[in-house]
Amino acid sequence: MNIVITMIRLAIRALLAYKVRSLLTMLGIIIGIGSVIVMISVGRGANESIQKQIQSLGANMLMIFSGSSQSGGVRGGFGSAPTLTIRDAQAIEKECPSTLNVTYVLGASTQLVAGKKNWGTRSWGTTANYNLVRDWQVKDGEFITEQHFRSAAGVAVLGSSVAENLFEPGEQAVGQQIRIKNVPFRVIGIMQTRGRTPSGQDNDDTVLVPYTTMSRKLVGDRLPGLVHFIMVSAQSQALVETLKQEVEELLRQRHKILPGMTDDFTVRTLDEYANMAGKTTNTMTMLLTAVAAISLLVGGIGIMNIMLVSVTERTREIGIRMAVGARSRDVLVQFLVEAMVISLIGGILGTVIGVATAIAISALAGWATIISLDSILLATLFSGAVGIFFGFYPARKASRLDPIEALRYE
Amino acid sequence: MDKPVISFKGAKKIYPMAGESVEALRGVDVDIYPGEFLAIMGPSGSGKSTLMHIAGLLDSLTEGKYLFDGEDVSFISRDKQADIRNRKIGFIFQSFNLLARCSAQENVELPMLYRRPAESNLHEKSMEALRTVGMENRASHLPAQLSGGQQQRVAIARALINSPTLIMADEPTGNLDTKTGKEIMNTLASLHEEGITIIIVTHDHEVGQATRRRIFLRDGLIERDERQAQSSGLTSP
Ligand SMILES: Nc1ncnc2c1ncn2[C@@H]1O[C@H](COP(=O)(O)OP(=O)(O)O)[C@@H](O)[C@H]1O
Ligand SMILES: [Mg+2]
């Protein structure tokens with residue numbers, strides 16, 4: 001015990017004797033560990049905000065769209081001709097026992113006019129329980145009702161971005177008349193603000209009208225009974241996967257898809273979206289980690305270099321220690337401890353700088369960053385390991401010196 | 001009669017060199033007994049330092065036999081050599097060989113750090129050793145803040161710290177003025193009075209006169225082995 005404490009004290013003394021040199025030696029480690037900390041915290045922050053955005057799509061929700069997942073991709077529904085119908089949605093509601101609510105949407109690009117203001121966005125025709133499935137309420141006015149649906153009423157619910165673009169701040173939007181594709185609509189509600197989707201689209205840049213109105217007045221019955229998306233919520237989180245299977249089975253039956261044929265629809269759970277987004281951020285994290293690893297490698301080589309210089313400079317000291325009874329291993333450990341102290345101090349400085357940078361990034365750039373204890377511990381352990389790894393060769397060289405030659409060294 | 005603490009039989013040391021190898025010891029037979037105060041003398045290049053390094057287990061023989069404290073140490077591992085040096089041998093060098101960044105007291109404690117099993121009362125023991133050589137009020141000084149004679153006293157305290165059976169000194173007065181050299185020799189003589197075996201390598205005849213036995217080397221062989229009769233408490237054959 002004595003000897004380890006003494007060695008750490010001696011190592012710190014040796015570092016202090018050459019302050020500038022020690023600092024330069026540590027620089028690689030400081031930068032390496034600092035960037036590891038920044039990268040992990042930015043990566044985790046990004047991941048968590050993406051996961052949050054995905055959960056904001058709806059509670060326990062399934063998305064069903066036209067086209068097979070192989071050919072269609074995430075944005076299906078527009079890429080391929082719609083194959084889903086209102087009847088599919090109604091069948092799901094009736095025949096899939098795990099269903100809680102079902103809604104569907106039919107979209108169209110539309111031009112909106114309110115007074116002298118213009119705004120182009122996609123409008124969606126949907127049902128009265130859309131807000132339940134998406135877990136998304138109005139902040140002003142009311143949502144589309146069964147009554148509006150049945151009578152194909154000319155009513156619209158605006159996303160908050162659309163409302164901002166069509167009306168002056170502070171102006172009462174609910175109750176106003178607007179025109180969608182020149183058809184008059186009355187604004188009956190404004191949705192709560194929801195922010196961006198994982199792919200960066202504005203959730204709030206949207207207009208919702210009754211499906212019946214959409215179908216008859218805006219798309220002109222070009223797509224009778226067809227829908228772009230069906231959204232289904234499960235009765236519980238645990239039933240999401242079961243519901244997915246029930247829906248797939250039912251739709252295959254209804255669309256007459258035999259075993260071996262490709263589905264003409266895709267069912268996605270939010271978990272699948274989350275995983276897809278996770279993959280992207282993982283790639284980013286890996287790339288950044290590679291950068292950090294390279295700077296740690298450079299830092300480690302710097303330590304090896306300085307330790308080799310130090311072993312040569314202190315040949316005589318090594319001879320003295322051996323003469324008074326230090327075994328090879330004692331000398332080895334001494335130089336390993338020194339290399340480790342350098343890289344640990346470098347690691348601690350790097351951690352402090354990394355944490356400060358992460359905080360600065362989230363304050364200045366507004367990115368979400370997560371600083372976690374385990375990433376700090378990991379960085380510290382890692383810097384110690386770098387010291388041991390790169391300190392080993394110089395330390396072994398020191399431990400193998402011949403005592404007499406070492407004592408004779410000038 | 002005591003057993004010898006050091007016993008060489010046909011000791012040879014050959015330094016392999018490119019071309020012709022150097023035979024530094026060419027068959028040395030010598031026994032050194034506990035409590036002796038002995039000088040190894042001879043001209044430069046005669047093999048004095050080589051003999052001391054091997055006797056002090058800093059180096060190994062090429063040929064022959066070496067018994068230390070009755071144990072055959074001719075071909076033991078480096079770690080065993082280190083342990084014997086640590087517990088039984090104290091070294092004093094011409095150039096003091098103190099660690100420049102460590103205080104006098106820390107230098108004295110150095111051999112204790114490597115002692116197995118470890119000892120706890122480092123500070124008391126090192127202060128006591130410093131007191132023995134009259135350096136107790138310089139304990140926190142760095143070597144650079146001490147005179148040559150003072151540094152050599154610290155080195156003697158370091159040699160004493162693990163209570164060795166043997167102290168080996170290679171030209172201990174070589175870097176000191178005559179007066180200081182005499183003081184160091186007096187210190188060594190008083191340690192000898194206390195029963196410690198002391199071996200001094202020197203080419204200085206005045207230093208040699210202070211000892212009780214002188215071995216003269218020439219070209220790697222013992223030329224002469226002189227004993228002084230009026231020894232006090234000397235147990236030589
Ligand atoms: N490491 C070595 N390599 C080669 N030759 C050596 C070495 N050490 C000593 N010698 C040679 O061995 C002989 C004895 O040297 P040494 O023991 O140092 O003599 P002394 O101490 O009596 O002056 C000399 O000829 C010297 O040159
Ligand atoms: Mg010599």
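Of the 13 residues around ligand 1, those that come nearest are Gly45(B), Gly47(B), Lys48(B), Ser49(B) and Thr50(B), where a residue counts as near if one of its heavy atoms lies within 4 Å of the molecule. The model is a predicted one, in which local features need pLDDT of at least 70, side-chain atom pairs count only at pLDDT 80 or more, and totals for chains, interfaces and linings use all residues. Residues are numbered from 1 along each chain as its sequence is written, chains are lettered from A and ligands numbered from 1 in the order in which they are written, and side-chain values use heavy atoms, with hydrogens and water left out.

Ligand 1 lies between chains A and B. Its shell can be sorted by class into five nonpolar, six polar and two charged residues; here Ala, Val, Leu, Ile, Met, Phe, Trp, Tyr, Cys and Pro count as nonpolar, Asp, Glu, Lys and Arg as charged, and the others, Gly among them, as polar. In chain B, β2 (22–32) and α1 (48–55) each supply at least two residues of this shell, and α1(B) gives the most, with three residues. These elements are DSSP runs numbered from the N terminus, helices being H or I with at least four residues and strands E with at least two.

Polar contacts (pairs of N or O atoms within 3.5 Å) bring in the backbone of chain B. An oxygen atom of ligand 1 is 2.9 Å from a polar backbone atom of Lys48(B), and a backbone N or O atom of Gly45(B) lies 2.7 Å from an oxygen atom of the ligand. For Ser46(B), the distance from a polar backbone atom to a ligand oxygen is 3.3 Å. Taken on its own, ligand 1 has 560 Å² of accessible area, of which the protein covers 69% (Shrake-Rupley method, 1.4 Å probe).

Turning to the chains themselves, chain A is divided into domain 1 (2–53 + 282–408) and domain 2 (84–263), with bounds from an automatic or database domain assignment. The centres of these two domains of chain A, taken over C-alpha atoms, are separated by 57 Å.

Two backbone features of chain B also deserve a look. Most residues other than glycine have a negative phi, and most peptide bonds are trans. Phe96(B), in the loop between β6 (89–92) and α3, has a positive phi of about 65° although it is not a glycine. The peptide bond from Arg116(B) to Pro117(B) is cis, with omega near -5°, and Pro117(B) is placed in the loop between α3 (104–113) and α4 (122–132).

Key: A polar contact is a pair of N or O atoms within 3.5 Å; within protein, one must be able to donate a hydrogen and the other to accept it, and residues adjacent in sequence count only if both atoms are side-chain atoms.
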